[in-house]
Amino acid sequence: MTTPYNGKKRCFGEYKCPQCNRKWMSANSWANYGQECTQCRINVMPHKQTPLEKPKGLDKSDPKKKHPMELCQKCKQLGVYCGSTYSYH
Ligand SMILES: [Zn+2]
Ligand SMILES: [Zn+2]
């Protein structure tokens with residue numbers, strides 16, 4: 001297990017790049033999948049993950065905001081937008 005969350009659902013993840021210390025958040029965060037830092041192009045695992053069902057007021061993500069598929073490991077593996085496959089589930 002490489003991520004705090006280990007379930008099958010999409011969750012909210014917080015990432016911090018160990019190289020440039022850039023921080024970002026994603027509402028398309030998955031267990032055992034990371035996202036790439038846009039600057040360093042290295043895969044970063046989320047250090048914190050929260051279920052989407054329980055927002056704690058920290059969720060500043062915009063669901064309409066474009067998901068950076070080219071940075072998302074899950075999208076790359078699926079070849080399609082990872083959030084859409086979940087909704088078809
Ligand atoms: Zn970086
Ligand atoms: Zn994705």
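Which residues are the protein donors of the zinc ion (ligand 2)? Keep that in mind as you look around this predicted model.

**Stop 1: ligand 2**

Select the zinc ion (ligand 2) and show its surroundings: the protein donors are His67 through NE2, and Cys72, Cys75 and Cys82 through SG, lying 2.1 to 2.3 Å from the ion. Now check the angles among the four donor atoms; they run from 103 to 121 degrees, and the site is tetrahedral. For orientation, ideal angles at a metal are 109.5 degrees for four tetrahedral donors. Along the chain, the donor residues of ligand 2 are spaced H-x4-C-x2-C-x6-C.

Next, colour by secondary structure and pick Cys72 and Cys82. Cys72 sits in the loop between β5 (48-51) and α1 (73-78), while Cys82 belongs to helix α2 (residues 82-87), so this pair ties together parts that are ten residues apart in sequence.

**Stop 2: ligand 1**

Move on to the zinc ion (ligand 1). Here the protein donors are the SG atoms of Cys17, Cys20, Cys37 and Cys40, lying 2.3 Å from the ion. The four donor atoms of ligand 1 make angles of 105 to 113 degrees, and this site is tetrahedral. Trace the donors along the chain and you can read the spacing C-x2-C-x16-C-x2-C.

Conventions. Residues numbered from 1 in each chain as written. Chains lettered and ligands numbered in written order. Predicted model: local features only at pLDDT ≥ 70, side-chain atom pairs only at ≥ 80, totals over all residues. Heavy atoms only, no water. Donors = N, O, S within 2.8 Å, 3.2 Å for Na, K, Ca; no water. Tetrahedral: all angles 85-135°; square planar, octahedral: opposite > 155°, others 65-115°. Helix = DSSP H or I, 4+ residues; strand = E, 2+ residues; numbered from the N terminus.
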